[in-house]
Amino acid sequence: MARYIGPSTKIARKFGEPIFGADKNFEKRNYPPGQHGAARKRARKTTEYGNQLKEKQKVKYMYGVLERQFRNTYDKATRMSGQRGENLIILLESRLDNIVYRLGIAPTRAAARQLVLHCHITLNGEVCNIPSAFVKSGDIVAVRERSKSLEVIQNSVASAKKYSWLEFDAKELKGKLLNIPARVEIPETINEQLIVDLYSK
């Protein structure tokens, strides 16, 4: 499956929640897309497997990860100590593109991915253009000097949220991962146990 580049609201309506962030269009039509979308919201029933698959697809869209990347991340989570589901979400949160988004350097994860790919972001002082690179505790994520004046970055930083596991200097456009967040600190509404059940079959 290629990376989805279509309307984000259509996907949000499919899952019944604004998985890409605040969305005015979703608020107007918060039912599945299509001619019979509103009727499907009332009558549609799904199997246990359907619910598990839907949750996995939702998380993939949310973090902008393709199937092979997602499976590799899950396999890595199973080799870690602790619960597999929680490890999976923590690993996804530790991706460089997600950290750029959480710091407020980009307004969405898709925009954060673009900034990383176009070499606007440094990791520990070195330019890193790999969105899937894992950021560790103590790592420094910053905007390159020549990219600090970009309008998209300035606008995003002005309305950025703050998270307890991150430290960010808005003047220097530099942030630090203080510690790996616990699952309870991550605000996304994800039932990771459904994903574990799906892959355990």
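Q: Why does E188 count as buried in this predicted model?
A: The relative accessibility of E188 is 15%. Buried means under 20% relative accessible area, and 15% falls under that limit, so E188 is called buried. The residue belongs to the loop between strand 5 and helix 10.

Q: What makes the pairing of the E188 side chain with that of R102 a polar contact?
A: The two side chains approach to 2.7 Å. The cut-off for such a pair of N or O atoms is 3.5 Å, and 2.7 Å is within it, so the pair qualifies as a polar contact. When neighbours within four places in sequence are set aside, E188 is in contact with M62, Y63, E93, R102, R109 and R183.

Q: Why is I195 called buried?
A: The relative accessible area of I195 is 0%. A value of 0% is under the 20% limit, so the term applies. I195 lies in helix 10, residues 192–199.

Q: What separates the C-alpha atoms of I195 and K56, given that the two residues are 139 residues apart along the chain?
A: The separation of these C-alpha atoms is 5.6 Å.

Q: Why are C119 and N124 called partly exposed?
A: The relative accessible area is 23% for C119 and 44% for N124. Both values lie between 20% and 50%, so the intermediate class applies to C119 and N124. C119 is in the loop between helix 8 and strand 1, while N124 is in the loop between strand 1 and strand 2. Each has a positive phi without being a glycine: near 65° for C119 and about 55° for N124.

Q: What makes strand 2 and strand 4 edge strands of the sheet?
A: The sheet is open, with five strands in the order 2-1-3-5-4 and antiparallel pairing. Strand 2 (126–127) and strand 4 (166–169) each have a single partner strand, so one side of each has no neighbour in the sheet.

Q: How do you know that strand 4 is paired with strand 5?
A: Four bridges join strand 4 to strand 5, residues 174–177, and the two run antiparallel. Pairing requires at least two bridges, so four bridges meet the criterion. D169 has K174 in strand 5 as its bridge partner, and L166 stands opposite L177 in strand 5. The two strands form a hairpin with four residues between them, and L173 in the turn has a positive phi of about 55°.

Q: How do you know that helix 7 packs on the sheet?
A: Helix 7, residues 96–103, touches strand 1 (121–123), strand 3 (140–143), strand 4 and strand 5. The direction of helix 7 makes about 60° with that of strand 4.

Q: What makes up the lining of the largest pocket, and which residues lie nearest its centre?
A: The lining consists of 41 residues, and those nearest the centre are I19, F20, G21, T108 and R109. Helix 1, helix 4 (48–63), helix 7 and helix 8 (109–117) each supply at least two lining residues. The largest share, five residues, comes from helix 4. The volume of this pocket is about 1100 Å³.

Conventions:
Residues are numbered from 1 along each chain as its sequence is written. This is a predicted model: local features need pLDDT of at least 70, side-chain atom pairs count only at pLDDT 80 or more; totals for chains, interfaces and linings use all residues. Side-chain values use heavy atoms; hydrogens and water are left out. Contact means heavy atoms within 4.5 Å. Axes are lines fitted to C-alpha atoms, for helices over the stretch in contact, and angles run from 0 to 180 degrees between N-to-C directions. Buried means under 20% relative accessible area, exposed over 50%, partly exposed in between (1.4 Å probe, protein chains only). A polar contact is a pair of N or O atoms within 3.5 Å; within protein, one must be able to donate a hydrogen and the other to accept it, and residues adjacent in sequence count only if both atoms are side-chain atoms. On a 1 Å grid over the protein atoms alone, a cavity is a set of points where a 1.4 Å probe fits but cannot get out, and a pocket is an open set with protein on both sides within 12 Å along at least five of seven lines; lining residues have an atom within 4 Å of a point. Grid points are joined across faces, edges and corners, and a volume is the space filled by probe spheres set on the points.
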